[in-house]
Amino acid sequence: MIDRFDRSPLSSTAVDLDLTAANGETRWLDATFSWLVRGFALCTVAVLFWMGWVIFRQAFPAIQQFGLGFLASQDWDIGTLSFGALPYIYGTLVSSVIALLIAVPVGLAVALITSENFLPVWVRSPLGFIVELIAAIPSVIVGLWGIFVLLPVLMPIGIWLNQNLGWIPLFATEPFGPGLLPAGIILAIMILPTMAAISRDVLLAVPKELRSASGALGATRWETIFRVMLPSGIAGLLGAATLALGRALGETMAVVMVIGNSPVVSLSLLDPASTIPSVLATQFGEALDVLHIGALMYLALILFVVTLAVNVAAILMVRAIRS
Amino acid sequence: MNPARPTPPIASLADAPEELSVPLPWRRRIFSHSMTTIAFLLTGLALLPLFAILIEIIRRGLPQLSWETLTALPAPVGMTDMADGFGNAIVGTLLMVGVATLISVPIGVLTAVFLSEFGQGSTIANAVRFLVTVLSGVPSIVVGVFAYGVIVLTTKEYSALAGSFALGVIMLPIVVLATEGALLLVPQSQRLASAALGANRLQTTFRIVIATALPAIMTGILLSIARAAGETAPLIFTALFTENFPRGLFSPAPSLSVLIYNYANSPFVEQNQMAWTAALVLLGLVLLLSVVSRVITRKRSDA
């Protein structure tokens with residue numbers, strides 16, 4: 001009897017129990033798997049750098065040929081192989097600015113309606129859900145709707161703007177149907193869910209004490225919103241707008257279908273124009289010459305770098321709020 | 001609960017000291033009411049496009065919808081006695097999204113496993129997470145250009161593979177971020193219990209963490225599939241389009257979204273109408289996927 005207690009289980013041959021469990025096979029598997037997941041994680045990240053490298057390498061002939069003058073040149077002639085990015089950069093920026101001018105106030109209104117207690121919760125939460133559903137609609141479908149519904153609706157408005165406000169350079173030309181203004185409006189629809197959803201999160205994150213204090217001082221709801229809620233959430237709201245801008249800069253299908261795709265720089269918002277994504281979408285399928293492909297790749301590189309910068313800024317701004 | 005709402009003047013206090021019952025000055029009251037009105041109007045404006053799009057798609061797309069439309073090949077323009085449809089585009093979309101899912105889900109899920117199980121809190125994991133978030137913001141047209149550079153320029157031909165590759169790259173960050181979120185919801189105590197029973201990290205990860213988080217991971221995958229199915233920009237100049245059923249991964253393939261784009265720009269009214277029907281089918285697919293996945297998450301977060 002005593003004998004048995006003396007023996008340690010570790011040295012026992014009768015009891016097969018190894019507490020240190022250094023089972024060679026599973027340990028090897030575990031280590032391999034650990035390296036494997038690390039490898040996959042690095043693969044995922046490598047995609048981003050690979051993308052930058054591939055686009056840069058293909059753009060290189062054009063970068064060599066045109067240099068930075070590419071950004072300021074207005075030529076786009078496939079026959080003579082002289083390319084310039086200005087009309088596309090201009091169209092991208094102007095349509096995005098129009099989109100922001102519409103989507104920021106509307107998105108803020110949606111965020112306020114869905115975060116304040118204007119409406120009972122059972123109305124409020126489906127409302128937010130429905131607005132976010134717009135983001136689920138494929139952009140080519142929004143573009144289809146743009147061509148057949150929005151353009152005919154906007155046409156008389158464009159004519160009215162031209163006839164009554166034609167002295168303003170922005171409305172100086174006769175509307176033709178597709179143009180910068182419809183593109184901006186379509187973009188606003190596309191980026192609205194981003195703006196609304198993130199702004200609502202930002203507003204809900206404002207400490208309750210601030211709101212209560214403002215109310216206790218006698219402020220009305222809207223005075224509280226304008227003097228307390230919006231100022232204290234300003235960094236997050238700017239982040240939401242920046243993220244929306246990133247979306248707008250890169251949005252392709254909906255824009256390509258309503259902007260008219262004409263490579264000109266015109267002050268008038270009623271004129272057809274072109275954006276970087278729209279020229280990529282329309283010309284890549286037919287590009288054969290190395291320099292033409294290079295110029296398109298150069299445009300893609302510009303878009304890649306700009307949206308990267310905008311998104312990084314937005315992520316940092318929104319992250320600062322959430323932590 | 002509602003401190004900001006102005007108190008209405010009370011009749012019985014009318015002859016009490018004035019400052020107790022002063023109603024809001026006109027200017028503040030008008031400001032309040034007009035801002036509320038504006039906010040409601042703008043919210044109504046925000047809802048308008050969604051309903052307009054849905055109504056229009058159903059009104060214009062439903063009349064042509066039939067079994068033939070879903071299975072037949074596109075008829076040549078002007079041939080009214082032939083069955084007209086876009087079965088090839090449906091097959092092409094399913095093929096490319098399927099291959100994209102096969103590419104992105106394993107890589108994405110394992111990357112998420114690294115972020116939440118093996119590298120949690122480390123600098124490298126934070127850097128990976130940040131870059132994946134950045135990757136999710138890259139415009140889809142740029143991803144298309146990338147696929148064009150990697151596959152089309154190398155193989156010298158447009159192919160379904162290039163389209164799948166582009167869609168896979170678009171899905172990847174969505175899968176990673178959704179899966180990581182799902183894995184983080186698994187209580188730490190379950191991992192500890194598994195370790196206490198003698199499981200190593202590989203066993204804990206597969207038998208406990210992923211098994212528990214599986215419904216939420218599925219949600220994320222469904223959402224990424226919905227997103228990829230609707231993408232057009234990366235397919236126009238990688239997979240192109242064909243009038244026939246896709247012949248495999250190494251030749252061009254049709255897709256619903258590119259069909260909508262081509263038909264929308266077509267001068268023929270029949271093709272314009274068919275674009276609406278294709279939009280109805282595509283939207284039905286996408287909305288079904290995203291509503292189903294949202295319902296799954298909502299139930300889980302309520303529980």
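## Helices and contacts in a two-chain model

Helix α5 (residues 123-136) of chain B and helix α7 (residues 160-184) of chain B have axes that come within 8 Å and cross at roughly 135 degrees. That angle makes α5(B) oblique to α7(B); angles under 35 degrees count as roughly parallel, over 145 as roughly antiparallel, 65 to 115 as roughly perpendicular and the rest as oblique. The crossing of α5(B) past α7(B) is left-handed (the near helix is turned anticlockwise from the far one by less than a right angle; clockwise would be right-handed).

Before going on, note that this is a predicted model, in which local features need pLDDT of at least 70 and side-chain atom pairs count only at pLDDT 80 or more, while totals for chains, interfaces and linings use all residues. Residues are numbered from 1 along each chain as its sequence is written, and chains are lettered from A and ligands numbered from 1 in the order in which they are written.

Helices here are DSSP runs (H or I, at least four residues), numbered from the N terminus. Axes are lines fitted to C-alpha atoms over the stretch in contact, and angles run from 0 to 180 degrees between N-to-C directions.

| Helix pair | Axes come within | Crossing angle |
|---|---|---|
| α5(B) and α7(B) | 8 Å | roughly 135 degrees |
| α3(A) (residues 86-115) and α6(A) (residues 180-204) | 5 Å | roughly 40 degrees |

Back in chain B, Val132(B), Thr133(B), Leu135(B) and Ser136(B) of α5(B) meet Pro173(B), Ile174(B), Val176(B) and Leu177(B) of α7(B) (residues are in contact if their C-beta atoms, placed from the backbone, lie within 7 Å). By class, this contact holds 6 nonpolar, 2 polar and no charged residues.

Now zoom in on one residue, Pro61(A), in helix α2 (residues 24-66) of chain A. Pro61(A) touches Val290(A), Leu291(A) and Gly294(A), leaving aside residues up to four places away in sequence. Pro61(A) and Ile293(A) are 232 residues apart in sequence, with 9.2 Å between their C-alpha atoms.

Conventions:
Two residues are in contact if their C-beta atoms, placed from the backbone, lie within 7 Å. Ala, Val, Leu, Ile, Met, Phe, Trp, Tyr, Cys and Pro count as nonpolar, Asp, Glu, Lys and Arg as charged, and the others, Gly among them, as polar.
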